[in-house]
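Student: I should like to learn how to read the features of a protein model in an orderly way. May we take them one at a time, with the general idea before the particular case?

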Amino acid sequence: MAPNTPAGRPGTLTPQEEEKLRKLWALTMKVFGVHGEEINGVETPAAAPVATPAATPAAAPAAEKEKKKSKLNVFSRHKKDKADKNGEVESTATSGTSTPDIGRLSLSTDDDKFGQTAEFKAAIANIPPEDLRNAFWSMVKHDHPDALLLRFLRARKWDVEKALVMMISTMQWRMGEMHVDDKIVKNGELGALEEAAKSSDAKAKKNDEDFLVQLRMGKSYLHGLDNAGRPMCIVRARLHKAGEQTEESLERFTVYTIETARLLLRPPIDTATIVFDMTDFSMANMDYTPVKFMIKCFEANYPESLGTVLVYKAPWVFNAVWSIVRGWLDPVVAGKVSFVKNVDELQKFVPKDQIPAELGGDEDWVYKYPEPVPGENDTMKDEATRNAIEADRTQIVNRYESTILEWIRAGTQAETIEQRRKERDTVAEALRQNYWKLDPYVRARTLYDRMGVINQAGQLSFYPKSTAAAAPAVAPATAPGRVSTSADDLD
């Protein structure tokens, strides 16, 4: 585990937090239909294939769903379940202690800002368990699976049921609404360029072109690190004009940027900084619709991803806008917003030599979009290699789920908690290494790959001098300045 890991993360949990995580995993395994079979007294999940990050299935057609295991079967009585004196079922299928039955969750609509309870119920009723499971493991990518669950727990103030609702509704959003992995990430920039050139569908063509327009102008871009070693996203508000790009392209661009930023995170750094550059901002640049979408993304679908938000050089006309936007924000998120008037105040958050000159800093760097290169995604055509790596990933996921089931069954026995955590950490590391082997086969290359920020095997160079070899690897926690980091050296 990397040094200086914040509280509420893998390796820094209190006993109470550890128990909350265990309970959320128990419920999650039930939703996914992972109960396993007993072999020599050990319950392990069946070796079901796991979808890759680029191939998460959408909801199956109705006819196909009828052939699949009903979602409600996950909540039915298993051979090890027992009924209490009132006839209620208490499940002990995967735990030495009782775990909450999903059919009996309270599903409170309190503090349900984005209607996620209704989305959760719809997902439970309409999406097969294996599809939700695939969506989850697709979202994990190079993350520690525990860390992903902990994001939802922290966001819901450690309320297990609310965290489950939030997480499952996010899975539905990713695969059914946004098609994050099977379209946005898989097709990428070159895919948009090629589709725009040949599409006969005017709407689709416009969406692809507008997606690329935002990349080319650098409406927002990822560059550098702040004082805490967090990757930064610079948003140039003056470049946005309401109605110039389609709503779909705005949402696609937003999700694409967030998903790419996720690739830049390495423990103990698990959040990013957003700098809203309000230089030359006027009301002509204000557009509340994409703002609302961005808020929903960070509060509902990418929880606990924001480290700080810096509003730089906001003019007086922005005061009225902020009074409205602040009312839409969760108080915790609103508390992360700081207004900085000039570069002297900005360098309290970012070293001045790492502030681009256009923001008044000393870094001689200007955003310039590197166009997609024909053939840069040809690796994705190598199905044989991809299938082999995917098969390995399926086995690793099954191993991780086995460790989860064993941990759930062991309950809160203090002497086993540390042992179980180490077991999960070992498998999580194998999962991370597997992702970076799989990455070139499932993720289209981005401008940050072409710039040399993201390199082979997940190695990072936040301030590349060229697209050639990166500098020696160091962890952002120990060197928040101009660093190059390796995916294999940050543990």
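Tutor: Cys233 is buried, its relative accessible area being 11%. The model is a predicted one. Cys297 is buried as well, with a relative accessible area of 1%.

Student: How many disulfides does the model contain?

Tutor: A disulfide calls for two cysteine sulfur atoms within 2.5 Å. By this rule the count is zero disulfides.

Student: What does the chain contain in helices and strands, and what share of its residues is buried?

Tutor: The chain has 16 helices and eleven strands. Of its 491 residues, 55% count as buried. As for contacts between residues at least 6 apart in sequence, 76% of them join residues that are at least 24 apart.

Student: In which order do the strands of the open sheet lie?

Tutor: The order is β5-β6-β7-β8-β9, an open sheet of five strands with mixed pairing. Its edge strands are β5 (220-225) and β9, each of which pairs on one side only. On average, neighbouring strands of this sheet are turned by 25° against each other, with direction ignored.

Student: Which pairs of strands run parallel, and which are antiparallel?

Tutor: Strand β5 and strand β6 (residues 231-236) pair in the antiparallel sense, over four bridges. Within this pair, Tyr221 has Ile234 of β6 as its bridge partner. Strand β7 (residues 272-277) and β8 run parallel and are joined by six bridges; here Ile274 has Val309 of β8 as its bridge partner. Strand β8 is also joined to strand β9 (residues 337-340) by four bridges, again in parallel, and Leu310 stands opposite Ser338 of β9.

Student: Where do the side chains of a strand point?

Tutor: In a regular strand they alternate between the two faces of the sheet. As to cover, seven of the seven residues of strand β8 (residues 306-312) are buried.

Student: What span should helix α9 have, and how far apart are its end C-alpha atoms?

Tutor: The expected span is 1.5 Å times one less than the number of residues. For the 16 residues of helix α9 (residues 247-262) this should give 22 Å, and the end C-alpha atoms are 23 Å apart, which agrees. The helix is mostly covered, with 14 of its 16 residues buried.

Student: Which backbone values deserve a second look?

Tutor: Most residues other than glycine have a negative phi, and most peptide bonds are trans. Against that background, a cis peptide bond joins Pro267 and Pro268, with omega about 5°. Pro268 belongs to the loop between α9 and β7.

Student: Where does Lys141 lie, and is Lys141 buried or exposed?

Tutor: Lys141 is found in the loop between α4 (129-140) and α5 (145-155). Although not a glycine, Lys141 has a positive phi of about 50°. Its relative accessible area is 3%, under the 20% limit, so Lys141 is buried.

Student: What is the case of Ala457?

Tutor: Ala457, a residue other than glycine, has a positive phi near 60°. Ala457 lies in the loop between α16 (447-451) and β10 (460-461). Its relative accessibility is 39%, between the limits of 20% and 50%, and therefore Ala457 counts as partly exposed.

Conventions: Residues are numbered from 1 along each chain as its sequence is written. This is a predicted model: local features need pLDDT of at least 70, side-chain atom pairs count only at pLDDT 80 or more; totals for chains, interfaces and linings use all residues. Side-chain values use heavy atoms; hydrogens and water are left out. Helices (H or I, at least four residues) and strands (E, at least two) are DSSP runs, numbered from the N terminus. Buried means under 20% relative accessible area, exposed over 50%, partly exposed in between (1.4 Å probe, protein chains only). Two strands pair if DSSP finds at least two bridges between them. Axes are lines fitted to C-alpha atoms, for helices over the stretch in contact, and angles run from 0 to 180 degrees between N-to-C directions. Contact means heavy atoms within 4.5 Å.
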